Amino acid sequence: MKKLFGTFGVRRIANKQLTPEFASRLSAAFGSLTDGKIAVGGDTRTSTPMIKHAVIASLLSTGCDVVDLGILPTPTVQYAVRKYYDAGVIITASHNPPQYNGIKFVDEHGIGIKEELEEKIEKIFFEEKAERVPWDRIGSTTKNRKIIREYIDEIIKRVDADIIREANFTVVVDCGSGAGSYTTPYLLRELGCEVLSLNCQPDGFFPGRDPEPTPKNLKNLMDIVKVSKADLGIAHDGDADRMVAVDEKGRFADFDKLLTLIAKEKGGKIITTVDASISLDECLKEVGGEVIRTKVGDVHVAEALIKEGGTFGGEPSGTWLHPEFSLSPDGIFSALKLVEIVSKEGPLSRLLDEIPSYYNIRDKIPCPDTKKDNVMEKVKQQLPKQFTEKIQIDNIDGVRISLEDGSWVLIRPSGTEPYIRVRIEAKKEKTAKKLHNMSRSFLEKII
C-alpha cells in the first residue's frame, strides 16, 4: 500500500510535513527514475516558490534538465509537458485549504504517473537511495514564460469562437485568487464576453474564499450573477483543473447535471467514476451514448479514455477531461466549452432543469490515514449485512451498494484528506436520509 501518494500526487501542510527537505527527497526519487527535460510549474500558494526551488534543485542533482514555467494553472503545465517535454512536476494542492501544498508528477503525456511508478518513488524515498550524478552531469535550467499565451491560442482554436462572440455574454468569473486568474478572464474577454472578475487577483492567502469551489464558498459569485443579470458564472479551484458553474438565476450548477450536460453534447463513450449519478446513464441512452465507470481520480478516467476510445470524461467534482484537447482535467478549456454550449442551446438554467434530479447526500467522516485500510476492510465485510433487501455490490473503488429501486451508497477513503467519504443517491428523499443515517452511524462506530 502507498504511504505518501493519494488520488493524484502528495499533499501535506506546507512547511510542517511538506518541508523543503521532504520535497527534495521526493523529487530526487522521481528524478532517479526519469530522464530528459522536466517542466516545473506551480499555483499561487505562498509556499509554492519555496517548494519549487527544492524540487528543481533535486531534479538537477539527478541529472535532469529543468524548464521553469513559473506560476500558472495545472492544465497549462500539463499542456506544456505533452507538447514539448519528457515529464513534469506541478507544485499545487489544488482545492485544499491555503496551508496545504502538494507535488504532482506527470508523464510525457501530461497525465498523472501510474501507481507502479508511485510505489517505486516511495521505495527510493524511504530508503533514501536517490541516484545523484557527478558534478559534470548535473542538469541545467531554462525558463519558458510564453507557454500561457500559446495555451490560450490553442484553446481558442478548439471552440466555436464565432458563436461565442455573437452571444455577447456577460460572465462572472471567480478564480478564487488561484492560478486561473492568469487565463480564464483574458480568454473570455478575447472571445467578446463582458467579464466581471471576482477574486481574480493572484494571492496565495486566498483572501476572498477557500480554494475549493463549493456552494458555501461561492455565495458571492451566485449573488453577483443574479444581481448583475449575467448569463452565467464560472469558478475554479486553486490550480484551475476544476470548473464549476452558476446559472443566470444565481443557482449553483449541480456537479452531476453539469457532467451530464457536457456528456450529452459529446455523445459516444463517456468515462466517469463510481460516484456519478444514475441520471447520466438515463440521459445518455437518449442520445445513444454509453457510460463506463472507473475508480475515482482523473488518472483513472484518463486511462479509461485511452483504453475505451472515450469522447469525454468527468467526475462529479468539477473535473472534466476533453480528449480532443487533453487527457488531463482542464477547468479553463471546460469553461470555454460550457460557454459555447450555452451560446448554442442556453440558457443554462433550462439546460440543467431538463436533466433528472435525484436526492443526493455527500458527507465525509474524519478518519486518520493510518486507520483507513482497516476501516474499509470492515466496511467491505460488514456493511452488506446491514441491508435486508436484495443488493448489488461493486468494489471498483471503495464499496458501492446499489438497491433494486436505483438508490445507492458509496463509501470510500479520501485520497487527499483524512476522511472517509460517503455518497448517497436515491429517487426518494426518505430513502436517501435513511441510507445516510445508517451509513454514518455504521462508520462512526467502526472508526
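Predicted model: local features only at pLDDT ≥ 70, side-chain atom pairs only at ≥ 80, totals over all residues.
A residue counts as buried when its relative accessible area is under 20%.

A second pair involves Phe325 and Phe333. Their ring centres lie 4.8 Å apart and their planes meet at 20°, so this pair is stacked. Phe325 and Phe333 are both buried. Ring pairs also join Phe325 and Phe333 to Tyr79 and Tyr151 in a cluster. In total, the structure contains 11 aromatic pairs.

Charged side chains are also placed over aromatic rings. Lys364 lies over the face of Tyr419, at 4.6 Å from the ring centre. Arg400 lies over the face of Trp408, at 3.9 Å from the ring centre.

The second largest pocket has a volume of about 880 Å³. Its lining comprises 37 residues. Of these, Glu212, Arg242, Pro316, Ser317 and Arg421 lie nearest the pocket centre. Strands S15 (359–366), S18 (408–413) and S19 (419–426) are the elements that each supply two or more lining residues. The largest contribution comes from S15, with four residues. By class, the lining of this pocket has 16 charged, 11 polar and 10 nonpolar residues.

How values were computed: Residues numbered from 1 in each chain as written. Heavy atoms only, no water. Phe/Tyr/Trp six-rings, centres within 6.5 Å; stacked < 30°, edge-to-face > 60°. Buried < 20%, exposed > 50% of the residue type's maximum accessible area, 1.4 Å probe, protein only. Lys NZ or Arg CZ within 6 Å of the ring centre and 35° of its normal. 1 Å grid on protein atoms, 1.4 Å probe; cavity = no way out; pocket = protein on both sides within 12 Å on 5 of 7 lines; lining within 4 Å. Points joined across faces, edges and corners; volume = space filled by probe spheres on them. Nonpolar A, V, L, I, M, F, W, Y, C, P; charged D, E, K, R; others polar.
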